[in-house]
Amino acid sequence: MIKRIALTTILGLFLVSCGVKKRTTYAKKPDPRTTTVTTRPESKPLDESKTEAAYALPEDNGKFVKFTVNSTEEYIETFAEIAQFEMKAYGIPASITLAQGILESGAGRGVLGAKTNNHFGIKCHTGWEGDYDFHDDDEKGECFRKYNHPMYSFRDHSIFLSSRARYAFLFDLDHDDYKAWAYGLKEAGYATDRKYPHKLIALIERYELDKYDRTVVKSGAIVKKEPKQYEHKIHVVQKGDTLYSISKRYFVSIPELMKLNNMNNSNLAEGQKLTVKSEKIR
């Protein structure tokens with residue numbers, strides 16, 4: 001409960017900043033009874049568009065905040081308001097964000113989440129300039145993004161989904177259609193687990209997480225975004241290329257790549273020309 005109050009205080013500062021459209025900083029230090037704080041290099045700020053300016057997070061104060069969560073219920077109580085805040089700013093259902101956080105971080109109790117505050121298993125990827133740590137996942141010693149506070153992980157998750165072409169179709173779905181979002185995430189290649197959508201839906205229905213979606217939708221506070229424009233490019237297959245590596249390079253899903261190129265299988269030939277889709281820079 002104390003952790004939730006602390007996060008609510010921070011979110012209250014966000015809402016105040018919405019009115020004056022300025023960034024805010026922490027009003028008070030984390031409660032020592034619930035957090036352990038150590039000094040870390042300040043993470044570089046996450047990219048935010050002008051559309052989300054009113055929902056800007058406070059500046060990173062350079063201190064790593066370790067959260068101790070004892071149950072899934074406590075995780076939901078602690079982070080539900082942040083998930084709703086992100087839904088207002090980016091349109092991703094709060095239920096989906098919470099369910100992914102619970103699943104990917106073991107409700108905040110997993111090893112990766114504990115040492116990195118990375119609640120969504122987002123790897124470093126090309127272009128990441130923030131802090132990082134290594135963790136065994138699909139391969140040994142993979143690079144994962146690290147955040148000084150979980151709220152930056154929630155924001156990066158929103159940016160990650162909203163800035164990649166392969167997830168663009170999700171934002172055409174209803175904000176409260178968590179089932180379509182769950183299946184869409186799997187289709188876009190967020191996870192390789194075939195049961196991923198079912199696991200998300202089961203969590204949402206077990207803990208009634210969709211109530212947070214309804215609250216946000218009813219408030220009418222979701223930021224309306226201009227539709228993104230995309231352009232098609234040609235990628236010439238090089239030695240060592242796979243559909244997986246190409247999909248990661250251009251941030252499109254493998255099924256979409258295959259559909260764009262009328263492919264019936266994943267076989268590639270050196271010199272083969274593939275059509276790829278990427279966001280158009282205005």
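Me: Helices are DSSP runs of H or I with at least four residues, numbered from the N terminus. In this predicted model, which helix holds S95?
Reply: Helix 3 spans residues 94–105. The residue S95 is found in helix 3.

Me: Is S95 buried or exposed?
Reply: A residue counts as buried when its relative accessible area is under 20%. The relative accessibility of S95 is 0%, so S95 is buried.

Me: Leaving aside neighbours within four places in sequence, which residues are in contact with S95?
Reply: Contact requires heavy atoms within 4.5 Å. With those neighbours left aside, S95 is in contact with Y178, I204, L209, D210 and D213.

Me: Where on helix 8 do its buried residues lie?
Reply: Helix 8 covers residues 210–219, and its buried residues are D210, Y212, D213 and V216. Viewed down the helix axis, these buried residues fall within an arc of 150°, so they line one face of the helix.

Me: Which element gives the most residues to the largest nonpolar core?
Reply: This core has 53 residues, among which Y190 and L209 touch the most other members. Elements giving two or more residues include strand 2, helix 5 and helix 8. The most, 10 residues, come from helix 2.

Me: What phi does G220 take?
Reply: Just after helix 8, G220 takes a positive phi of about 70°.

Note on methods
Residues are numbered from 1 along each chain as its sequence is written. This is a predicted model: local features need pLDDT of at least 70, side-chain atom pairs count only at pLDDT 80 or more; totals for chains, interfaces and linings use all residues. Side-chain values use heavy atoms; hydrogens and water are left out. Buried means under 20% relative accessible area, exposed over 50%, partly exposed in between (1.4 Å probe, protein chains only). The arc is that of the directions from the helix axis to the C-beta atoms. A nonpolar core is a set of buried Ala, Val, Leu, Ile, Met, Phe, Trp, Tyr and Cys residues joined through side-chain atoms within 4.5 Å.
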